[in-house]
Amino acid sequence: MFRSSQINAINILLLPLLLIISISIGAAAFHWSDVFSNSDTRSLLIYSRLPRSLAIILTGATLAVAGMVLQIVLRNRFLEPNMVGATQSAALGILLVSIWFPQATQLAKMSCASIVALLGMTLFLFLFRRLPPHRQMMIPLIGIIYGSIIEALVNFIGVETNTLQLLAVWFAGDFSAVLAGRYELLWLTGLMALVIYFLADRLTIAGLGQNISTSLGINYAQMMWISLITVAMITAIVVVTVGQIPFIGLVVPNIVSRLAGDRLRQNLPSVALMGANALLVCDIIGRIIDPPYEIPVSLIFGIVGTMIFLYLLFRKPTVHAT
Amino acid sequence: MFKSCWKPLALSILALSLLSACGEKNTQNSSASNTTASGAAVSGPTVSVNTARGEMNVPENPSKVVVFDMATLDDLQALKVPVTGAPKKVLVPYLQQTLETVNNTGTLFEPDMEALNALKPQLIIIAGRTAPKYDELAALAPTMDMTDSGQDLIGDGMKMLDTYGKLFKKEAEAKKLHDDIQNLLAETQQVAKGKGTGLILMVNAGKLSAFGPSSRFGWIHTQVGVPAADTNIPASPHGQSVSFEYVQKTNPDWIFVIDRTAAIGEEGKTAQAVLNNDLVRQSKAWKENHIVYLSSASYLAAGGVQQMKTDLTNIKAAFTH
């Protein structure tokens, strides 16, 4: 068993290293030695490289945190925004707003996506409440079916409105379009992650169920809504700005909890850091395989994430430390 | 308590999946029985045509034609050949008039077999998007697969035009259109000569893909003769995902834009907003205002008469300007 401080130490060391690699690579020529002497290099750094790397860090960190919150609050290890219909509903929201108001701003699209994502997750909760809680695998399975139904609806609307090609962009995430001025919404997800950090203990108690929460003086319904809203917003913002990135919210919290046990508040920084690092690695891989072209990061993470997920599934479950 | 709620849900999912399985089987049965009933045998005068599946004999000048290809529909509209059925829900503005008069036969990907049965077409013309359904359709009526090679859009487009001229006894009209496009192509090649390199970009919801000479938009390089700014782009049906930095680095003299967002906005407007950033603004193409927007028909009806004319005219105008 590792302590979360040890995991944090490794991740904190890795992060700046990966950040430097991430900034160094890309289609255009970039040399660190020119940053102060050459104004073109400097503007490339500020306009393209730094925003992209920051966007990856924010996305990786907050998606992992969103997955962890879902897992703690709904008490199921195999949940993430993809598996409760949040991502698919967010795409539905953007699609609808794009069809009705093509000129809408990113902020308007994000708001609409968040609201629809929230609706989608609330509907899933109604389903969830009726499922036997001890059948751990049943819930993600139903979640996958539920998400697929929404995705099918989105695709149907796409076919009917000739917007199928747009959907492909939101269902496959990559950071190739990130520039200064086109990713800043992602900072809001960072804000959401902070909110979660401050409420971590209360969310953990809410995860123990309504009766225990109430007797411990926690407003269960309020905590539930806060966690749903934060997860919906994180998901929606990521889908609007970069697209869907599967598995990160599933894999990272599971790795951390295997290594350091289930403690939301203590593990939160580890989860955020590991999420950021994992996504940085995958995006770097996507950029160096076939330069100057890019392999979408969702594809890379999909492959890596599936393998880790299968490993987690087939490994004998360890006894959870507290 | 939980169980009582769970069972009906599971049962209904099971029932639904069974139902959908049945549905599939039914359509298969009906198309199979039709083979024997109507038969795909051709009687009467025939004409030999070249298709993607080789030479075949089809009825000469058939009166009831169903078309599953927008380029073909474009050609037949230009040749004034009446069409009985086509997938109606396609957004190619200049085809709307023809589409209003035809019977709906499903979509390019999912032909409506019942509607086709009712229409009893004498000839079905399909291409790329409908090609996987060839066997089902061929069982119903003589079916021509006019999928192009993907390497020589304009050459294939003209061959297709000639084929339809022969098939529908409109040789004179087809020849005239053929010559028009030939001349337009020659003029475009003339004005494009020595004007620098080009890069073909598809803009889709804020993201970019690049297309090279061997792609389906490669005719700009291979036919019109604009040298590729990046000769290494591998062929891929959806292009290569690239960043804005790539555009700055490639630094083309001309950028040809396919606006995939056009379906939900004004053609070219959204793409323009996406490209308008510090990195693309550094390219020679942007500085010289050398951005050419291709028509949405260039991917929906590639190889049709009107599409070739529109895009060649636009490109020629951009180079002469």
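How many residues of the lining of the second largest pocket are nonpolar, polar and charged? In this predicted model, the residues of that lining divide into 16 nonpolar, ten polar and five charged.

View 1. From chain A, helix 3 (86–100), helix 4 (106–129), helix 6 (164–171) and helix 9 (220–241) each supply at least two residues of the lining. Helix 10 of chain B also supplies at least two; with four residues, this helix gives the most to the lining.

**View 2. The contact between the chains takes 40 residues from chain A and 34 residues from chain B.** The size of an interface is often given as the accessible area lost when the parts come together. Between chain B and chain A, the buried area is about 3200 Å², and carbon and sulfur atoms give 59% of that area.

View 3. Two salt bridges are found across the interface of chain B and chain A. Residue pairs in polar contact between chain B and chain A number ten, with both residues at pLDDT 80 or more.

**View 4. Helix 9 of chain B gives the largest share of the side of chain B that touches chain A.** Which elements of chain B give two or more residues to the side that touches chain A? They are helix 1 (2–37), strand 10 (240–242), helix 9 (244–250), helix 10 (269–275) and helix 11 (278–281). The share of helix 9 is five residues. By class, this side of chain B has 16 nonpolar, eleven polar and seven charged residues.

**View 5. A:Pro291 and A:Pro292 are joined by a cis peptide bond.** Omega for this bond is about 0°. A:Pro292 is placed in the loop between helix 11 (264–288) and helix 12 (297–314) of chain A.

**View 6. B:Lys80 has a positive phi.** The value is near 55°, in a residue other than glycine. Where in chain B does B:Lys80 lie? B:Lys80 is found in the loop between helix 2 (70–78) and strand 4 (85–86) of chain B.

Methods. Residues numbered from 1 in each chain as written. Chains lettered and ligands numbered in written order. Predicted model: local features only at pLDDT ≥ 70, side-chain atom pairs only at ≥ 80, totals over all residues. Heavy atoms only, no water. Contact = heavy atoms within 4.5 Å. Buried area = accessible area lost by both parts, 1.4 Å probe. Salt bridge = Lys/Arg side-chain N within 4 Å of Asp/Glu carboxyl O. Polar contact = N/O pair within 3.5 Å; in protein donor to acceptor, adjacent residues only side chain to side chain. Nonpolar A, V, L, I, M, F, W, Y, C, P; charged D, E, K, R; others polar.
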